[in-house]
Amino acid sequence: MKSILVIGGGFAGVWSAAGAVRVARAHGVPASELTVTLVSSGDDLVIRPRLYEADPESMRVALDRVLGPIGVRRIAATVTDIDTTTRTVTALGRDAHPLALDYDRLVLATGSQLVRPTLPGNQHLFDVDTLTGAAALDHHLRRLPERPAHAGQFTAVVVGAGFTGLEIATELTGRLDELTPDGSRPRVLLVQRTCELGPELGPGPRPHITAVVDELGIEKRLNTTVEKVTADTVTLSDGEVIPAATVIWTAGMTASPLTARIPGQHDRLGRLAVDQYLRVAGVSDVYAAGDTAAAEAEAGHTVMQSCQHAVPLGKTAGHNVAAGLLGLEQVPFAPDPYVTCLDLGPAGAVVTAGWDRTVQTTGPEAKQLKQQINADWIYPPIDDATTILTLADYHTTWPTADVSA
Ligand SMILES: Cc1cc2nc3c(=O)[nH]c(=O)nc-3n(C[C@H](O)[C@H](O)[C@H](O)COP(=O)(O)OP(=O)(O)OC[C@H]3O[C@@H](n4cnc5c(N)ncnc54)[C@H](O)[C@@H]3O)c2cc1C
């Protein structure tokens with residue numbers, strides 16, 4: 001019997017497992033000859049792209065409802081080490097019991113994480129990177145009106161004006177407005193280390209983003225960073241002290257620390273160099289998918305740490321890991337054209353196409369697309385083996401491919 005082990009129950013891990021089962025079933029290989037096991041720390045697929053929204057605890061899908069129907073075995077455990085020479089993974093089970101898991105082929109799909117700063121008072125920083133972090137912020141915001149009145153009670157400072165920082169800052173203008181009693185004025189500030197908003201989003205959408213930020217009354221602090229945080233204040237690098245009950249850190253992402261357990265080349269985000277089949281360069285029985293993989297999307301462009309790329313990376317890695325083990329042909333990774341859809345809260349959204357991020361649509365029309373992506377397209381089907389396995393085909397396109405057509 002051969003075994004495929006997928007580590008990670010996010011978008012890439014779930015679609016890798018489904019992609020592998022799909023290949024095995026399509027070639028009549030019974031589960032007694034090829035097992036697919038997924039190990040993940042949690043019981044749910046967390047819909048990370050929605051964690052800036054209200055009610056983040058609802059942003060998840062039970063893994064068993066996706067994996068159960070297609071016969072993927074699931075282990076709830078946190079992987080602590082990977083030994084690629086002995087093909088063994090070490091993990092800690094729910095009961096803190098150590099586990100040793102063997103594999104013939106491995107898919108590493110453990111995602112990415114926010115780099116939290118070490119500045120004084122960092123325990124007061126909120127984030128929207130994990131379900132736990134986003135839930136803590138959500139509870140904190142809901143309780144703001146109950147706190148004794150103080151300066152900064154309804155002030156939120158968002159650190160980092162990248163994709164996530166812009167989404168949470170614009171979202172907060174609406175949420176704080178609802179929470180703030182008449183007569184008080186909520187404040188949202190965006191702190192950005194460089195001289196412009198959305199540095200990695202490029203010049204295409206920036207004029208629109210800047211206009212929206214100004215229109216929503218979000219105060220910008222550019223060329224600035226945070227030096228210190230307390231429960232009620234934040235001190236910026238230029239000495240300004242802002243009374244603020246809420247400080248959210250969004251700056252800096254890195255690939256899962258487990259990537260460091262795999263030999264080979266890593267990029268500046270810690271992602272593993274992979275070939276066109278998503279095999280880790282130099283470790284042919286290990287594949288990487290999602291935010292752990294520095295795969296080429298198209299000539300000269302590496303995938304983004306995004307759901308948009310994690311899904312097709314998962315499907316392709318899943319296909320190839322099973323195909324490789326069964327002696328079938330592997331397929332090169334070929335994602336749909338690159339598109340972004342940035343939520344701008346009450347001001348709608350902005351959709352761009354291509355690596356130069358040419359603006360396609362803005363305002364309510366773009367917001368409708370964002371809501372469709374968030375509430376529908378990124379969710380895997382549940383309790384339905386046929387639909388799950390049909391969608392696990394690496395040919396299946398991401399619906400936003402239409403945007404750039
Ligand atoms: C607020 C926010 C907004 C975003 N907006 C967008 C957007 O608009 N569009 C977009 O395309 N992308 C967006 N993203 C990025 C997107 O969410 C990620 O790129 C995507 O989730 C990556 O998928 P993944 O499967 O690689 O990793 P993840 O979704 O991070 O899943 C990783 C999985 O691995 C598991 N895991 C990690 N470590 C271990 C371990 N040691 N042992 C066992 N299991 C482990 C985790 O529990 C999890 O199940 C956003 C992210 C955030 C946080």
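# Reading the contacts, one definition at a time

Modeller: The count comes to 23 salt bridges. The rule is a side-chain nitrogen of Lys or Arg within 4 Å of a carboxyl oxygen of Asp or Glu.

Biologist: What kind of model is this, and which pLDDT limits apply?

Modeller: This is a predicted model: local features need pLDDT of at least 70, side-chain atom pairs count only at pLDDT 80 or more, and totals for chains, interfaces and linings use all residues. Residues are numbered from 1 along each chain as its sequence is written, and side-chain values use heavy atoms, with hydrogens and water left out.

Biologist: Why is the pair D64 and R74 called a salt bridge?

Modeller: The closest N and O atoms of D64 and R74 are 2.7 Å apart. The limit is 4 Å, so the pair qualifies.

Biologist: What makes this a link between distant parts of the chain?

Modeller: D64 sits in helix α2 (residues 63–67), R74 in strand β5, and they are ten residues apart. Helices (H or I, at least four residues) and strands (E, at least two) are DSSP runs, numbered from the N terminus.

Biologist: Are D64 and R74 buried, exposed or partly exposed?

Modeller: Buried means under 20% relative accessible area, exposed means over 50%, and partly exposed is in between (1.4 Å probe, protein chains only). D64 has 43%, so it is partly exposed. R74 has 22%, so it is partly exposed too.

Biologist: How do you know that R175 and D138 form a salt bridge?

Modeller: Their closest N and O atoms are 2.7 Å apart. R175 is in helix α4 and D138 in helix α3 (residues 131–143), 37 residues apart.

Biologist: What makes D275 and R279 a salt bridge?

Modeller: The N to O distance between their side chains is 2.9 Å. D275, at 27% relative accessible area, is partly exposed. R279, at 24%, is partly exposed. Elsewhere, salt bridges that share partners join D43, D64, R74 and R94 into one network.

Biologist: Now the ligand. Which residues come nearest?

Modeller: A12, R48, V79, D291 and C307, out of 29 residues around the ligand. A residue is near if one of its heavy atoms lies within 4 Å.

Biologist: Why is the ligand said to lie between the domains?

Modeller: Domain 1 (2–113 + 253–338 + 380–404) and domain 2 (116–249) both give residues to the shell, so the ligand lies between them. The bounds come from an automatic or database domain assignment.

Biologist: Which helices and strands each supply at least two shell residues?

Modeller: α1 (11–26), β5 (73–83), α4 (163–179) and α6 (307–326).

Biologist: What is the make-up of the shell in nonpolar, polar and charged residues?

Modeller: Eleven are nonpolar, 13 polar and five charged. Ala, Val, Leu, Ile, Met, Phe, Trp, Tyr, Cys and Pro count as nonpolar; Asp, Glu, Lys and Arg count as charged; the others, Gly among them, count as polar.

Biologist: What joins the side chains of T340 and T352?

Modeller: A polar contact of 2.3 Å. T340 is in strand β25 (residues 339–343). At 6% relative accessibility, T340 counts as buried.

Biologist: What is the phi of L278, and where is L278 found?

Modeller: L278 has a positive phi of about 75° although it is not a glycine. L278 is in the loop between β19 (272–273) and β20 (279–280). Its relative accessibility is 0%, so L278 counts as buried.

Note on methods. A polar contact is a pair of N or O atoms within 3.5 Å; within protein, one must be able to donate a hydrogen and the other to accept it, and residues adjacent in sequence count only if both atoms are side-chain atoms.
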